[in-house]
Amino acid sequence: WAGTANLTEREPHAEYWAPLTLISRLADVQFFGLDAGAHHRTNVWLHLAAGLVLFGALRALLGSDWRSGLIAALFLIHSLHVEPVAWLSARKDILNGLFFFGTIWAYARYARRPGGWRYAWVFLLFLCANMAKPMAVSLPFVLLALDHWPLGRLRAPWFDRAGRRLVLEKVPLLLLAAAVAWLAVIEHGAMGDRVLFPLWSRVGSAAISYGAYLGQTFWPVNLAALYPHPGTGLDRGWAVVCALGLVGLSGLCVGLAKRRPWLLVGWVWFVVVLLPVSGLVQIGEMARADRYTYVALVGIFLLVVQEGAEWLARAGGERRRWQSVAAVLFGSCFRRIGDGGLGAGRGLGRIVWRFSGRRSR
C-alpha cells in the first residue's frame, strides 16, 4: 500500500509519493501503538542519525573532524530545524535528510575510487531520499558542485572531456529526479492555484523567502508554523530588494570562486536545494516553511565554517610572525639598556634577549 499510495488520485491520504515515510509511520504504530511520545522519540533518534551521517559525509569530503563536527552540531541544534523534529507529520523531512546525507557520503567514497557497486549505492540512497520526500531532486547538482570543491574532480575549463564525463555520470540520477518531479508536479497538482498565485507573485515571494531563510539562519526569530502566501498583495519593493541581494551574493560567490571555492559550493547547495520549494512551483497556500531548510542550511554552515577555518589559519600565521618580530624588537631594546651600564637593565635585557632569540628561531 505504501508503495502505491497516491500514485493515482484514488488515494487521498498521502500528499505525494513517499513510501519510506509511510512505512516508518506504519512501523511506529505497529511497535508503539498510538503513544505519541514514542513517535516523537523516533523523530529525535532519526534526527540524531541524520546528524551523525552528515558528520561522516563531511569528514569524507573535508578530512577534518572539527570542521565536520561543528557543521553537524549546527545542523542538529539550529532553531529552524525544530519544526521537522517536533512535528510528527514532518517525518518526511528528517528521512529525506538522512538519505540525502547518506548519498553524499556514498558519493565521496565513489569519487575517491569509482566503481559500479559504489555507484549503485549512490543511486540506491538517492532513490531512498526521494522515496522519503520528493525534495532530493536537486541532489545531482549538489554533487556536481562538490566535484569542484572539495573533491577537486571538476576544474576549469568546465566543459572539457573530464567535465562532460562528470555530467554524464549524473544522468541516471537526473532521470530519476525527473521522474519524481513529474509525479509530484503533474500527477498531484503541486503547481497550486495559478489564479491566486500568478507567476510574478510566485517569483517575488520566492525572492522574499530566500531572504527570510538567510536572515533567520543567523537571527532565528519570529518563527511560525505557517507563513501565509501574500498572493497578489505581495510587497513588490521588498521583493526587488531581496532579488537584488540574491543576485549580488551570487555574483560575489562566483567572483571569489577561484580563491574561495567553498563560498560558491555552499551557496549553490543552499540555493539549489531550496529551489523546488522556493515558491516558483507553488505547493499549498504557504510562502515558506522552516522544515524546508532542513538540508539546505548545511550549505550556509559549510561556507561559514570553512571560511572561518581559513581566516583562523591566516590569522594564526600572521600572529606568530608578529610575535616573533615583537620579541626581537623588545629584546634588542633591553639589550641596549644593559649595554649602557644599568645593572638591572643589563640583567633583564639578557633574559629577554635570550627568550626572544629562542622564540624568533
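Q: How many helices and strands does the secondary structure of the chain come to?
A: This is a predicted model, in which local features need pLDDT of at least 70, side-chain atom pairs count only at pLDDT 80 or more, and totals for chains, interfaces and linings use all residues. Residues are numbered from 1 along each chain as its sequence is written, and side-chain values use heavy atoms, with hydrogens and water left out. Helices (H or I, at least four residues) and strands (E, at least two) are DSSP runs, numbered from the N terminus. Counted in this way, the secondary structure of the chain comes to 14 helices and two strands.

Q: What percentage of the residues in the chain is buried?
A: A residue is called buried under 20% relative accessible area, exposed over 50%, and partly exposed in between, with a 1.4 Å probe and protein chains only. The chain has 361 residues, and the buried share of them is 47%.

Q: What share of the contacts with a separation of 6 or more comes from residues 24 or more positions apart?
A: Contact here means heavy atoms within 4.5 Å. Among the contacts in the chain with a separation of 6 or more, residues 24 or more positions apart account for 74%.

Q: Which word describes how helix 2 and helix 3 are directed, roughly parallel or roughly antiparallel?
A: Axes are lines fitted to C-alpha atoms, for helices over the stretch in contact, and angles run from 0 to 180 degrees between N-to-C directions. Angles under 35 degrees count as roughly parallel, over 145 as roughly antiparallel, 65 to 115 as roughly perpendicular and the rest as oblique. The axes of helix 2 (residues 36–62) and helix 3 (residues 65–77) come within 8 Å and cross at roughly 150 degrees. The two helices are therefore roughly antiparallel.

Q: How many nonpolar, polar and charged residues are in the contact of helix 2 with helix 3?
A: The residues that make this contact include Leu48, Phe55 and Arg59 of helix 2 and Asp65, Ile71 and Phe75 of helix 3. For the classes, Ala, Val, Leu, Ile, Met, Phe, Trp, Tyr, Cys and Pro count as nonpolar, Asp, Glu, Lys and Arg as charged, and the others, Gly among them, as polar. Sorted by class, the contact of helix 2 with helix 3 has ten nonpolar, four polar and three charged residues.

Q: Which residues of helix 1 and helix 6 make the contact between them?
A: The axes of helix 1 (residues 19–32) and helix 6 (residues 116–132) come within 5 Å and cross at roughly 70 degrees, which makes helix 1 roughly perpendicular to helix 6. The residues of this contact divide into five nonpolar, one polar and no charged. By name, they are Pro19, Leu20 and Thr21 of helix 1 and Cys128, Met131 and Ala132 of helix 6.

Q: What is the relative accessible area of Ala132?
A: Ala132 lies in helix 6, and, leaving aside its neighbours within four places in sequence, Ala132 is in contact with Ala18, Leu20, Thr21, Lys92, Leu95 and Asn96. Ala132 and Ser24 are 108 residues apart in sequence and 9.4 Å apart in space, C-alpha to C-alpha. Ala132 counts as buried because its relative accessible area is 0%.

Q: How far apart in space are Ser205 and Gly279, C-alpha to C-alpha?
A: Ser205 lies in helix 10 and is buried, with a relative accessible area of 2%. Leaving aside neighbours within four places in sequence, Ser205 is in contact with His229, Pro230, Leu234 and Ala287. Ser205 and Gly279 are 74 residues apart in sequence, while their distance in space is 6.7 Å.

Q: Which residues is Ser209 in contact with, leaving aside its neighbours within four places in sequence?
A: Ser209 is found in helix 10 and is buried, with a relative accessible area of 2%. Beyond those neighbours, the residues in contact with Ser209 are Ser278, Ala287 and Arg288.

Q: Is Asn222 buried or exposed?
A: Asn222 lies in the loop between helix 10 (199–218) and strand 1 (227–228). Although Asn222 is not a glycine, it has a positive phi of about 55 degrees. Because its relative accessibility is 69%, Asn222 counts as exposed.

Q: Which residues are joined by a cis peptide bond?
A: Pro150 is found in the loop between helix 7 (139–148) and helix 8 (161–169). With omega at about 5 degrees, the cis peptide bond joins Trp149 and Pro150.
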